[in-house]
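Me: I would like to go through this model with you, one part at a time. Could we begin with the helices and then turn to the charged pairs?

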Amino acid sequence: MSGTGLQEKMQEPSKATVIGAAPEGASDRHSAARAVREMFNSIAPRYDLLNHVLSFNIDRMWWRQTARAFRHILRRNDSRILDLCCGTGDMTFALRRQAGKSSPRILGADFSHPMLQRATAKSARNGSDPGSIEPGSIEPGWIEADALSLPFPNAHFDLVTSAFGFRNLADYDAGLREIVRVLRPGGECGILDFGEPKGAMGALYRIYFKQVLPRVGTVISGVRGPYAYLPASVERFPPPEEMLKRMKRADLMEATWTPYTFGIAGLYRGKKLS
């Protein structure tokens, strides 16, 4: 390795020291958050289509698996559930469907206004789609909010989830602390996000994720930045062992990680101390 290459390698932060997402051009937490919001605002019109196309519809299975993991909370009528970084609401709707005929209060929160507009429109359309939400159940509500500064009191929710959004926070540890703050004692959290599979599957995945996906995403969305950022954000995100350490430091006990589809995605679970 050349002296320059070695110097660049030494300057790269380890995943244990990574603070949060770092889109190209961002210099601090605030500019990173602003860049992430602008990216998601720009792809909102094609977001759902791209999610399904680029994941070969496997994303739907991941949402269902995550929702099933918290059935014991969702089937309680008195539960309060928050879906953070909800985007257009697919994880939020999966939680609502898993609740069945029960009536927990489910709230989706995101800081991208165009994303929430689409979540609201999808919620309105559910009335004409009998297979989407159980008859008589309470539709999810929506709120525009920053995951690092939530407008909720302490110990308010029984469950906080986040599907493919936590990785985009400008400060992962601050995000975990805010989740713990709004959770009731004994409340649970579930973070569904991408991973980096190992072995032959990992090699194929990296080719697709770094070379094919950005090109297809750019063509369909008409916007280059977000789909070049996506593989970089997954590569930057802490691996399971590091994320579990961070969760425990934030006072989320019984922290576990369950891989989905060879580790392409996975569910982090934790519980706030009673």
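Me: Which residues of helix 3 are buried?
Reply: In this predicted model, the buried residues of helix 3 are Tyr47, Leu50, His52 and Leu54. Buried means under 20% relative accessible area, exposed over 50%, and partly exposed in between (1.4 Å probe, protein chains only). Helices (H or I, at least four residues) and strands (E, at least two) are DSSP runs, numbered from the N terminus.

Me: What covers them?
Reply: The cover of the buried residues of helix 3 includes helix 2, helix 4 (58-69), helix 6, helix 7, helix 9 and helix 10 (225-236). Contact here means heavy atoms within 4.5 Å.

Me: Before we continue, what are the ground rules for numbering and confidence?
Reply: Residues are numbered from 1 along each chain as its sequence is written, and side-chain values use heavy atoms, with hydrogens and water left out. As this is a predicted model, local features need pLDDT of at least 70 and side-chain atom pairs count only at pLDDT 80 or more, while totals for chains, interfaces and linings use all residues.

Me: What comes just after helix 3?
Reply: Phe56, at that point, takes a positive phi of about 55°.

Me: On to helix 7. How many residues does it have, and how far does it reach?
Reply: Helix 7 (residues 113-125) has 13 residues and reaches 19 Å from its first C-alpha to its last. That is close to the 18 Å expected at 1.5 Å a residue, the expected span being 1.5 Å times one less than the number of residues.

Me: Which of its residues are buried, and what do they pack against?
Reply: Pro114, Met115, Leu116, Ala119, Lys122 and Ser123 are the buried residues of helix 7. They pack against helix 2 (29-43), helix 3 (47-54), helix 6 (90-99), strand 2 (105-110) and strand 3 (141-144).

Me: What does its side chain do with Asp90?
Reply: The side chains of Lys122 and Asp90 meet in a salt bridge (3.0 Å, N to O). This pair links distant parts of the chain, with Lys122 in helix 7 and Asp90 in helix 6, 32 residues apart. A salt bridge is a side-chain nitrogen of Lys or Arg within 4 Å of a carboxyl oxygen of Asp or Glu.

Me: And Asp90, buried or exposed?
Reply: Asp90 counts as buried, at 13% relative accessibility.

Me: How many salt bridges are found overall?
Reply: A search of the whole structure finds 12 salt bridges. One of them joins Arg184 and Asp158, with the closest N and O atoms 3.1 Å apart. Arg184 lies in strand 5 (residues 183-194) and Asp158 in strand 4 (residues 157-163). Arg184 is partly exposed at 25%, whereas Asp158 is buried at 9%.

Me: Which network do those two belong to?
Reply: Arg76, Asp78, Asp158 and Arg184 are linked in a network of salt bridges.

Me: Last topic: how many residues are in the largest nonpolar core?
Reply: The largest nonpolar core has 39 residues, and those with the most contacts inside it are Trp62, Leu74, Phe164, Leu192 and Phe194. Apart from it lies another core of 34 residues, among them Leu150, Ile179, Cys189 and Met247. A nonpolar core is a set of buried Ala, Val, Leu, Ile, Met, Phe, Trp, Tyr and Cys residues joined through side-chain atoms within 4.5 Å.
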